[in-house]
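Here is a note for a colleague opening this structure for the first time. Please read the points with the model beside you.

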Amino acid sequence: MATATHLLTEKEARAHPPMEAVVVRFAGDSGDGMQLTGGQFTLSTALAGNDLATFPDFPAEIRAPQGTTFGVSAFQINFGSAAIETAGDQPDVLIAMNPAALKVNASEIREGGLIIADDGEFSQRNLAKAGYDQNPLEDGSLAKWQVVHFNISQLTLDAVKPFGLGNKEALRCKNMWTLGLALWMFDRDRQPIVDWLKAKFAKAPELAEANIAALNAGHAYGETVEMGAPFKQHHIAPAPAEPGLYRTVTGAEALALGLVAGCQLAGVNMFFGSYPITPASPLLHHLARLKEFGITTFQAEDEIAAICAAIGASYAGQLGITSSSGPGIALKTEAIGLAVMTELPLVVVNSQRGGPSTGLPTKTEQSDLYQAVYGRNADSPVPVIASRSPADAFECAIEACRIATRYMTPVILLTDGYIANAAEPWRVPDMTGFAPFPVSYFDTPPAEGQSVMPYSRNDELARPWIKPGTPGLEHRIGGIEKAPGTGNIDYRPEVHQEMSDTRASKVLGVVNSIPDQDICLGREGAELAVVGWGSTFGPIHQAVRRAIAAGKDVAHIHVRHIWPPPKNLGPLLKSFKKVIVPEMNMGQYKTLLRDQYLVDAQPLTKVSGHPFRIAEIEAAIDRALS
Amino acid sequence: MNEVSPIPTTTAKDWASDQEVRWCPGCGDYAVLKAVQRTMPDLGVAREKTVFISGIGCSSRFPYYMATYGFHTIHGRAPAFATGVKLANPELDVWIITGDGDALSIGGNHTMHVLRRNLDCQILLFNNEIYGLTKGQYSPTSRVGTRSPSTPFGSVDRPVTPCMFALGSGARFVARGIDVHKNLPDVLKAAHAHRGASFVEIYQNCVVYNDDVFASFTSREIAAEKQLWLQAGEKMLFAGGAKGLALDVDRLCLKVVDGDDPAVIVHDPRNKGIAAMLIEMPESFPMALGVIYEDPAPTFEAAVLEQNRAAAKGKSADLQALVSKGQTWMVEKEPHKL
């Protein structure tokens, strides 16, 4: 995300043309370690003080057949000396570890961009696997780009020879050789990577040494080889940023930290029930290591058991949290309804992916908005919030814990595959700046002859949280309609009407404790508002920034609270002449806005599994204004 | 636990809630409810520490009638809720109330996993071999040929044997009882005394949709002949001691012998092989009842909590340190002017 967004005026943005930002894509076979290379390059970029955004793009297959196009794994990073909010529209540099990686990625490279290829992998057999009749490095078909190629495989083998590794193991160091070269290209310090390798291979020092040798050899190659113009060293100055301590963070990490923080601020222990699913599993992995924070993680037998155990834990006084992706959330739906009915706190995280069904498990989409807001049987209102970036996921997780415990309700927190895997610099928050919202458990037994009242309500219509184990307050709850106050089974018509109304009013009342909707860029009442939610923040923001810089009357509004919407959202949207809603689905939030406010919100949709490009949104802005 | 308060003396009445019981007149569920309410005062547990958790079905209304904490959840999932409750507060005494459809059809997966994990809880499976609440469809325990609204020409699929399912899932306590039988409280007490998941199948008569389906071993006139009540360390005798069970060593199965035959075997609940044979005895044999198998093992929640404790040892819950982890860098002031 833009660590520097707020510091940049439109004029300043104009003064900083994209020359100061570079988009690099590492692409190779899924066994080539491209995600690792990208991750370490990201760290080095962050340490160099550049702003950055990344886009890991990997296949659904863990180890697809070697050398095939569907087994290509890529990692893209956009970094620069100005605010960076997206992973970049078009790579300036492609590092292709084999013919398949070149085949899949070449067309996306900016015209005139640089392609670096490992020609050691361009054998007849690999060319055929990638679908090339002739070697593209030799037949002139890459003339649109500047191409340099050398035998990275052989150079790596030479570099690690002294360590006596087998051929296969030695070739595994290729990615470090490549990283070394990339570090040289952008004038980076190698030491942090060396430290990381030593820690990673602490139990196999010879592997650490071999990888370090490969890293150094790649770096030295850049320094000594005379390649000429396209292949030169660049120095990207650090980006302006608010002073403070920084680290890089992925969405999954930020989310895990935010949930830990949310539970601490609420003063409850966390119970995290989950079932493995792409791309949500990293959250379980992160939390499973943090036992000292009073966290119990439970890998359940299925998605349903995961949420049911979380609800059970909430019933017993912890904060139950469950996490999944769309197909898993579908399975949890009935249990979310029970949490609505019994009014227990619960956080449900959905890391959205392409669908329907199994869909595109490793690709991103925002197509579970209907599911989150409307996707349950009967009238089952649930607050829904959406995070816009990896760093924003931290605050959204805290917000989800706050709403769940304050209103005694399940809360759905939407994120997506892009946010979960993408990394960005994050200014480490000062935790004393967050106001605690401690929960209280009700423990006063009723007077003699009076009933326990688990469904009595406070001013905000929240019911008391009574933990089993509390003497004198024994009571029964369940999914059957219940009487106000006592919670005893009661399905008389007027009772169901009253309880349905109360549940809806309670959730709508959440607006009273959330901020009014702000405008990120531009002015109220402009010609056009571009309204987004979730991970489309980056491309929308940059597109609107450019439009404003070009003198266009456009505003960017980005909504965190999907349901209930902020109080002022309706009047705000009505102030604009036109509204467009870019989203990575077929137009779901657009429908919600039309329904709630009768505004003529126009969709801009994309479901390719890839985030929007800035240019796509710029074009939509131009169309809307023409 | 910081303080141990004495458990107040109670009677069965103290365990009954003020809610009107709404099962069909004559339903076996009434007998089980009474048996449980009669048993509770003898268990040495406090009402507020007791939680009854159920799924969906006739039997799953049970928690509403107990003056304890109770959670009527969703169909088939009671074991998953119970797992969350017990992990969040291991001091709670957790009972799962379920039926043949709830536990073995829609919730078969959770039943398997709660048993293999060995969560400390009591699972009372009310088996009436029918779906009562949905008006009489056949269930996964219905016998082949069961005529029901959904199987007007008779069911064709073979039923599951609940106790074999439990044994196969790794249960460490497997018992059987009968709704109206005087021995039921003893079975419940044994289940409660067992640390870990205690699986109790209760043959429960549905007077409306499946009346007398268990008559072949429950009707008064043949009960002695057709019921074998197992006692640890005691000979496996029935028919008033006139008959007993012995091992047919050649065929590796059980056989009926005279009660005074020295080959009559003594019940060792730890013997899983014999337990399997007892559960699956053919119809000409008596029905094995009581505690069929018991071999305690560490419980799930104890293992989880112990691991949580060990992993947290020596570490502090320092949130500021946690968010500041990893490779960080300091920006002192803006690195360049725009």
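1. Start with one loop of chain A. A:Pro356 sits in the loop between strand 11 (346–352) and helix 14 (369–374) of chain A. Helices (H or I, at least four residues) and strands (E, at least two) are DSSP runs, numbered from the N terminus. The peptide bond from A:Gly355 to A:Pro356 is cis, with omega near 5 degrees. Another cis peptide bond joins A:Thr278 and A:Pro279, with omega about 0 degrees. A:Pro279 belongs to the loop between strand 8 (270–274) and helix 11 (281–288) of chain A.

2. A word on conventions. This is a predicted model, in which local features need pLDDT of at least 70, side-chain atom pairs count only at pLDDT 80 or more, and totals for chains, interfaces and linings use all residues. Residues are numbered from 1 along each chain as its sequence is written, while chains are lettered from A and ligands numbered from 1 in the order in which they are written.

3. Chain B in outline. Chain B has eleven helices and twelve strands. Its C-alpha atoms fill a box of roughly 95 × 50 × 45 Å along the principal axes. Of the 338 residues in chain B, 47% are buried. (Buried means 20 or more other C-beta atoms within 10 Å of the residue's own, exposed means 12 or fewer, and partly exposed is in between; C-beta atoms are placed from the backbone.)

4. Where do chain B and chain A touch? In all, 54 residues of chain B are in contact with 63 residues of chain A. (Contact means C-beta atoms, placed from the backbone, within 7 Å.) Strand 2 (69–72), helix 2 (78–88), helix 4 (108–117), helix 10 (300–312), helix 11 (319–323) and strand 12 of chain B each supply at least two residues of the side of chain B that touches chain A. Helix 2 of chain B gives the most, with eight residues. By class, that side has 26 nonpolar, 19 polar and nine charged residues. (Ala, Val, Leu, Ile, Met, Phe, Trp, Tyr, Cys and Pro count as nonpolar, Asp, Glu, Lys and Arg as charged, and the others, Gly among them, as polar.)

5. An open sheet of three strands has the order 14(A)-7(A)-12(B), with antiparallel pairing. (Strands pair if DSSP finds at least two bridges between them.) Strand 14 (423–427) of chain A and strand 12 (328–331) of chain B are the edge strands. The twist averages 35 degrees from one strand to the next. Four bridges join strand 7 (residues 244–250) of chain A to strand 12 of chain B. A:Leu245 stands opposite B:Met330, and A:Gly244 stands opposite B:Val331.

6. Helix 10 (residues 251–266) of chain A lies across strand 7 and strand 14 of chain A, at about 115 degrees to strand 7 of chain A. (Axes are lines fitted to C-alpha atoms, for helices over the stretch in contact, and angles run from 0 to 180 degrees between N-to-C directions.)

7. A helix pair in chain B. Helix 2 and helix 4 of chain B pack at an angle of about 40 degrees, with their axes 8 Å apart. Helix 2 of chain B brings B:Pro79, B:Ala80, B:Ala82 and B:Thr83 to the contact, and helix 4 of chain B brings B:His110, B:Thr111 and B:Val114. Those residues divide into four nonpolar, three polar and no charged.

8. A hairpin in chain B. Strand 9 (residues 243–248) and strand 10 (residues 253–258) of chain B pair in the antiparallel sense over six bridges. B:Lys243 stands opposite B:Asp258. Four residues lie between the strands, and B:Leu252 takes a positive phi near 50 degrees. B:Leu252 counts as exposed, with 9 C-beta neighbours inside 10 Å.

9. A positive phi in chain A. A:Leu598 has a positive phi of about 50 degrees although it is not a glycine. A:Leu598 is in the loop between helix 20 (588–597) and strand 20 of chain A. Is A:Leu598 buried or exposed? A:Leu598 is exposed, because 11 other C-beta atoms lie within 10 Å.

Conventions. Two residues are in contact if their C-beta atoms, placed from the backbone, lie within 7 Å.
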